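Subject: Structure handover

Hello,

Please find the structure below, followed by notes on what was found in it. They are meant to be read with the structure open.

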Amino acid sequence: MSNFVKRRLGNKGKRDAYGWLRLRQSNKLKRQPLGLLLVVLAWSLAMGWLLSLASNVQGATPNTEIGTVDVVPAQYKLGQELYIENCATCHIALPPAVLPSQTWKNLLEDSQHYGAQLQPLIDPPRILVWRYLQFFSRAQRKDEETPYRVKDSRYFKALHPKVKLPQPVQINSCVSCHPSATDYNFRRLSPEMENSP
């Protein structure tokens, strides 16, 4: 501060001049954290957005139709592929949810498959298929018999409420309502079924 200003203002002026200087410096300091805060906020938003894209399965893969009834976690994918490979060569591979776990377990252990002699799966493929089927099927009640036909399964009936099923109900009749069932796609329905109440 110049001598002229000091003389002019006296002691009171010194306080005012230094106060003004301190006020100016504190305003600079206040603006710096605000700018830093804005940079950190922008950086956090950008990183959050990028991480969500990287970790989101739908964002990382193309948006295609999920054909199976449920989305299959990675640890069960191989079991599903082995199931389809071994079962869908002779008939439509059913979603595991239509039969109880005990039915699937018995089918995997028995070489007699609905009147046909099959080469049973051996471990480890059998274990992988079993884990897939067990994860997506449901438990059986203690008081009920193990159903071996889809038409006898209460789960099949529960999954098809108010649906007039063709008689007799057979595995290959699934195609009449689910035209892509041969491709293991049970989500797509025939136009008649989509428009029914």
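**The loop between H6 and H7**

Lys-162 sits in the loop that joins helix H6 (154–159) to helix H7 (191–195). Helices (H or I, at least four residues) and strands (E, at least two) are DSSP runs, numbered from the N terminus. The phi angle of Lys-162 is near 60°, a positive value in a residue other than glycine. Most residues other than glycine have a negative phi. Lys-162 counts as exposed because its relative accessibility is 85%; the classes are buried under 20% relative accessible area, exposed over 50%, and partly exposed in between (1.4 Å probe, protein chains only).

Tyr-184 is found in the loop between H6 and H7 as well. Its phi is positive too, near 65°. Tyr-184 has a relative accessible area of 6%, so it is buried.

**What the model is**

This is a predicted model, in which local features need pLDDT of at least 70 and side-chain atom pairs count only at pLDDT 80 or more, while totals for chains, interfaces and linings use all residues. Residues are numbered from 1 along each chain as its sequence is written, and side-chain values use heavy atoms, with hydrogens and water left out.

**Overall layout**

The protein contains seven helices and two strands. Read from the N terminus, the order of elements is α-α-α-α-β-β-α-α-α. Of its 197 residues, 25% count as buried. Among contacts (heavy atoms within 4.5 Å) with a separation of 6 or more, 62% are between residues 24 or more positions apart.

Which residues of helix H4 (residues 101–109) are buried? They are Ser-101, Thr-103, Trp-104, Asn-106, Leu-107 and Leu-108. The buried residues of H4 pack against helix H3 (74–87), strand S1 (112–113) and helix H5 (125–136).

The largest nonpolar core has 24 residues, and the members that touch the most others are Tyr-83, Leu-94, Trp-104, Tyr-132 and Leu-133. H3, H4 and H5 each supply at least two residues of this core, and H5 gives the most, with five. A nonpolar core is here a set of buried Ala, Val, Leu, Ile, Met, Phe, Trp, Tyr and Cys residues joined through side-chain atoms within 4.5 Å. In soluble globular proteins, nonpolar side chains tend to be buried together.

Setting aside neighbours within four places in sequence, Leu-133 is in contact with Tyr-83, Pro-96, Trp-104 and Leu-108.

**A buried serine**

Ser-153 belongs to the loop between H5 and H6. With a relative accessible area of 0%, Ser-153 is buried. Apart from neighbours within four places in sequence, Ser-153 is in contact with Val-98, Leu-99, Pro-100 and Pro-147.

**Salt bridges**

How many salt bridges are there? The count comes to four, where a salt bridge is a side-chain nitrogen of Lys or Arg within 4 Å of a carboxyl oxygen of Asp or Glu.

- Lys-105 and Glu-109 meet through their side chains at 2.9 Å, N to O. Both lie in helix H4, four residues apart, about one turn of the helix. Lys-105 is partly exposed at 32%, and so is Glu-109 at 48%.
- Asp-123 pairs with Arg-126, the closest N and O atoms being 3.0 Å apart. Asp-123 is partly exposed, at 41%, as is Arg-126, at 24%.
- Asp-152 and Lys-151 meet at 3.4 Å, N to O. Asp-152 is partly exposed at 42%, and Lys-151 is partly exposed at 42%.

Leu-34, Leu-37, Leu-38, Leu-41 and Leu-45 make a nonpolar surface patch of about 530 Å². Patches are made of residues with over 30% relative accessible area and no salt bridge; like charges are joined within 9 Å, and nonpolar side chains (Val, Leu, Ile, Met, Phe, Trp, Tyr) within 5 Å. One of the patch residues, Leu-41, lies in helix H1 (residues 3–55). Leu-41 counts as partly exposed because its relative accessibility is 48%.

Regards

Definitions and conventions
Accessible areas come from the Shrake-Rupley method with a 1.4 Å probe; for residues, only the protein chains shown count as cover.
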